[in-house]
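Thanks for making time this morning. I would like to walk you through one model, and I will ask you to keep the sequence and the structure in view while I talk.

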Amino acid sequence: MNKADNVTSLKALQAWKSIPQQLRDKLVRNVFCGNCSGAVEIVDYSIREEKHALLLTGKCRTCASPVARVVEND
Ligand SMILES: [Zn+2]
């Protein structure tokens, strides 16, 4: 992973902010962590724009393992 992967672009941030707050809260609290074997909250995350989705990459709140979540954004 190069350094640029960890940067939240303004465009990605705007797309993320366009999602209702309630839904965003739900999304960040329902990320699968392989280490915890369950749904956890993602913290210290950055947002990237993919073709038809946003990609959140960050850390598990419980164990600090790297976790990621794809959010459909059509
Ligand atoms: Zn975890």
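When I speak of packing here, I rely on contact, and contact means heavy atoms within 4.5 Å. Please also bear in mind that this is a predicted model.

Let me begin with helix α1, which spans residues 10–17 and in which Ala12, Ala15 and Trp16 are buried. These three cover an arc of only 100° around the axis, which puts them on the same side of α1. What do the buried residues of α1 pack against? Their partners are α2 (21–28), β3 (42–49), β4 and β5 (66–72). The face of α1 turned away from that buried side carries Leu10, Lys11, Gln14 and Lys17, which are exposed.

Now to the metal. The zinc ion is coordinated by the SG atoms of Cys33, Cys36, Cys60 and Cys63, at 2.2 to 2.3 Å, and with angles of 105 to 112° among the four donor atoms, the site is tetrahedral. Along the sequence, the donor residues follow the spacing C-x2-C-x23-C-x2-C. Cysteine 33 lies in strand β1 (residues 31–33) and cysteine 60 in strand β4 (residues 53–60), so this pair ties together parts that are 27 residues apart in sequence.

Are these two cysteines buried or exposed? Cysteine 33 counts as buried, at 1% relative accessibility, and cysteine 60 is buried as well, with a relative accessible area of 2%.

Key. Residues numbered from 1 in each chain as written. Predicted model: local features only at pLDDT ≥ 70, side-chain atom pairs only at ≥ 80, totals over all residues. Heavy atoms only, no water. Donors = N, O, S within 2.8 Å, 3.2 Å for Na, K, Ca; no water. Tetrahedral: all angles 85-135°; square planar, octahedral: opposite > 155°, others 65-115°. Helix = DSSP H or I, 4+ residues; strand = E, 2+ residues; numbered from the N terminus. Buried < 20%, exposed > 50% of the residue type's maximum accessible area, 1.4 Å probe, protein only. Arc of directions from axis to C-beta.
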